[in-house]
Amino acid sequence: MLIDRERLLEEEAQRLAPYAQKARDTRGRQYPEPESPYRTPYQKDRDRILHTTAFRRLEYKTQVFPNWAGDYYRTRLTHTLEVVQVARSIARALGLNEDLTEAIALSHDLGHPPFGHTGEKVLNALMQGLGGFEHNAQALRILTELEVRYPSFQGLNLTYEVLEGIATHEAAYDTGFKAEYPGKGTLEAQVVDLSDAIAYAAHDLDDGLRSGLLRPEELTEVPFLQELAQEEGLDLSRLTELSRRILVRQLLGFLITAAIEAIHQEVERAGVRSAEEVRRHPQRLARLTPEAEQAHQELKGFLRERFYRHPEVLRERRKAEIVLEQLFHTYTRYPEILPKEVQARIPKGGLERAVCDYIAGMTDRYALEAYRKLFP
């Protein structure tokens with residue numbers, strides 16, 4: 001028995017919650033094209049994202065530690081896959097569209113430059129007065145323009161809802177790109193945003209402990225972690241590899257459960273009955289319970305002070321700043337050394353934007369190699 005697209009769409013509409021975004025109700029694509037006979041539009045989007053060059057590059061882009069720091073630390077790719085897992089778990093429990101959720105989660109970090117948030121900060125500063133730089137806006141540029149895979153159009157020609165999910169993601173620097181996507185986004189998009197915050201807090205804690213930059217006894221400064229350890233019978237002063245894994249797993253489970261329960265309560269309270277009502281609602285509906293939100297903020301504050309500002313981490317950030325600043329200034333001063341395909345984009349968007357796009361697409365090691373070639 002074959003299950004074609006029409007049957008998939010019908011079964012999906014019957015299965016999902018009223019407030020979920022149904023694939024049959026998509027606002028469509030910018031360029032009309034035939035849909036797959038055996039996939040929904042969001043499944044097609046997910047598959048297109050997986051096959052992009054930008055997605056493969058995430059393997060060699062920094063989460064907190066650069067790729068060469070060790071084989072077991074998160075990269076931007078493994079972080080993305082972990083966000084997918086968290087988001088799908090929440091979406092399934094709430095009756096949301098898992099395919100749309102997965103497509104948004106897979107693409108949410110495609111626009112990150114090398115060296116993580118440090119790279120984003122540097123490029124935004126260099127592009128002041130020229131449109132700035134923000135990784136969500138860059139992800140949209142990649143998916144609508146920079147990835148060239150089809151003869152009939154630029155980009156991947158994804159559905160409106162996937163692009164909307166990226167545009168409504170939390171932004172560190174607002175470059176005005178959100179105006180094209182009014183509202184709070186679908187609940188699937190909001191769940192991905194929350195899942196991103198859940199995943200990086202839990203897994204950055206894990207990487208910090210694994211690296212030794214965070215000492216187990218320091219965790220007693222976070223009351224919630226101490227309570228969680230006591231519930232599991234763990235001694236934070238003697239945290240073994242196994243007990244560290246148990247602690248992180250329980251932390252992740254607590255936050256996911258809190259998200260499911262809080263979102264369900266918010267949806268019931270708001271009385272939303274469609275994806276459009278979710279978009280138009282004055283506040284975002286995806287959040288944690290008050291208890292979990294307090295715990296999450298405590299953990300974020302702890303990581304900010306003890307991990308992200310650790311001298312070892314700051315030293316790597318400073319090196320990244322030097323590399324990216326020098327690359328940008330050199331390429332804008334001597335554009336003739338840029339690859340031909342990058343030079344070809346200069347007339348359309350300007351020299352600085354073409355250079356910014358080129359650098360943003362680099363992996364950590366490619367950026368370092370480019371720097372070594374210019375400054376041996």
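A polar contact is a pair of N or O atoms within 3.5 Å; within protein, one must be able to donate a hydrogen and the other to accept it. His 108 makes such a contact: its side chain reaches the backbone oxygen of Ala 105 at 2.6 Å. The model is predicted. The protein chain holds 18 helices and 0 strands.

**Overall build**

- The C-alpha trace spans about 60 × 55 × 40 Å along its principal axes.
- Buried residues make up 54% of the 376 in the protein chain.
- Among contacts with a separation of 6 or more, 71% come from residues 24 or more positions apart.

**His 108**

- His 108 sits in the loop between helix H5 (98-107) and helix H6 (116-126).
- Its relative accessible area is 1%, so His 108 counts as buried; the cut-off is under 20%.
- A second polar contact, at 3.5 Å, joins the side chains of His 108 and Asp 196.
- Beyond four places away in sequence, His 108 touches His 79, Thr 80, Val 83, His 135, Asn 136, His 169, Val 192 and Asp 196.

**Helix H7**

- Helix H7 runs over residues 135-146 and has 12 residues.
- The end C-alpha atoms of H7 are only 14 Å apart, short of the 16 Å that a straight helix would reach at 1.5 Å a residue.
- H7 is mostly covered, with 9 of its 12 residues buried.
- The buried residues of H7 are His 135, Asn 136, Ala 137, Gln 138, Ala 139, Leu 140, Ile 142, Leu 143 and Glu 145.
- Two of these, His 135 and Asn 136, are also touched by His 108.
- The cover over the buried residues of H7 includes helix H3 (53-57), H5, H6, helix H8 (160-167), helix H16 (346-349) and helix H17 (351-360).
- Glu 134 caps the N-terminal end of H7, placing a side-chain oxygen 2.7 Å from the backbone nitrogen of Asn 136.

**Salt bridges**

- The count of salt bridges comes to 39.
- Asp 47 pairs with Arg 39 in a salt bridge, with the closest N and O atoms 2.8 Å apart.
- Asp 47 has 19% relative accessibility, so Asp 47 counts as buried.
- Arg 39 has 28% relative accessibility, so Arg 39 counts as partly exposed.
- Both residues belong to a network of salt bridges that links Arg 39, Arg 46, Asp 47, Arg 88, Arg 92, Glu 98, Asp 99 and Glu 102.
- Arg 74 forms a salt bridge with Asp 206, and the closest N and O atoms are 2.8 Å apart.
- That pair links distant parts of the chain, 132 residues apart: Arg 74 is in the loop between H3 and helix H4 (76-94), and Asp 206 is in helix H9 (residues 187-211).
- Arg 74 and Asp 206 are both buried.
- Glu 164 and Arg 279 meet through their side chains in a salt bridge of 2.7 Å, N to O.
- Glu 164 lies in helix H8 and Arg 279 in helix H12 (residues 275-280), so this pair ties together parts 115 residues apart in sequence.
- Glu 164 and Arg 279 are both buried.

Key. Residues numbered from 1 in each chain as written. Predicted model: local features only at pLDDT ≥ 70, side-chain atom pairs only at ≥ 80, totals over all residues. Heavy atoms only, no water. Helix = DSSP H or I, 4+ residues; strand = E, 2+ residues; numbered from the N terminus. Buried < 20%, exposed > 50% of the residue type's maximum accessible area, 1.4 Å probe, protein only. Contact = heavy atoms within 4.5 Å. Expected span 1.5 Å × (residues − 1). Salt bridge = Lys/Arg side-chain N within 4 Å of Asp/Glu carboxyl O.
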